[in-house]
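Hi everyone, thanks for making time this morning. I'd like to walk you through one model and then stop at a single residue in it.

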Amino acid sequence: QVQLVESGGGSVQAGGSLRLSCAASIFIYSRYCMAWFRQAPGKEREGVAGATVGGSTTYADSVKGRFTISKDYGKNTLYLQMNNLKPEDTAMYYCAATDQYGGTWCPLTGVVGYNFWGQGTQVTVSS
């Protein structure tokens, strides 16, 4: 069955904001690190931000200070608030989950170990 469902993508001008959502099954939400990845055309998929089961967060340098990852425990939902968007943020954004570290660490250096992936949601930022 579907485990991760993203929503909230769209098109904005540079400097604008968007909030992405990822609804997860309770099994994943309560046991797995959850993270956001993105993939631009012709580029490798890269980690953007991650949140552990306990809520500790980590960010890629390129988005620090602009993006905020958060969790709503009542809704089993992961969010990515994206502010001050830049054209280089244009990509397909994916929600992903891994239990390789027991949910206590969310590596952003690659996709290996991420067991579950959502279908992706497109974010387009125009200059």
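This is a predicted model: local features need pLDDT of at least 70, side-chain atom pairs count only at pLDDT 80 or more; totals for chains, interfaces and linings use all residues.

In total that comes to 1 helix and 11 strands. The radius of gyration is 13 Å, close to the 14 Å that the globule rule gives for 127 residues, so the protein is as compact as a globular protein of that length. If you like to think in boxes, the C-alpha atoms fill one of roughly 40 × 30 × 30 Å along the principal axes.

Of the 127 residues, 46% count as buried. The protein exposes about 6200 Å², and carbon and sulfur atoms supply 50% of that. As for charges, there are 10 positive and 8 negative ones, and their mean positions lie 5 Å apart.

Let's look at contacts between residues at least 6 apart in sequence: 60% of them join residues at least 24 apart.

Here's my residue for today: valine 111, in the loop between β9 (91–98) and β10 (116–117). Is valine 111 buried or partly exposed? With a relative accessible area of 34%, valine 111 is partly exposed, because buried would need under 20% and exposed over 50%. Leaving aside neighbours within four places in sequence, valine 111 is in contact with Phe37, Arg45 and Trp117. Glycine 47 is 64 residues away from valine 111 in sequence, yet their C-alpha atoms are 7.8 Å apart in space.

Key
Residues are numbered from 1 along each chain as its sequence is written. Side-chain values use heavy atoms; hydrogens and water are left out. Helices (H or I, at least four residues) and strands (E, at least two) are DSSP runs, numbered from the N terminus. The radius of gyration is taken over C-alpha atoms; the globule rule is 2.2 Å times the number of residues to the power 0.38. Buried means under 20% relative accessible area, exposed over 50%, partly exposed in between (1.4 Å probe, protein chains only). Contact means heavy atoms within 4.5 Å. Accessible areas come from the Shrake-Rupley method with a 1.4 Å probe; for residues, only the protein chains shown count as cover. Lys and Arg count as positive and Asp and Glu as negative; His and the chain ends are not counted. The place of a charge is taken as NZ of Lys, CZ of Arg, CG of Asp or CD of Glu.
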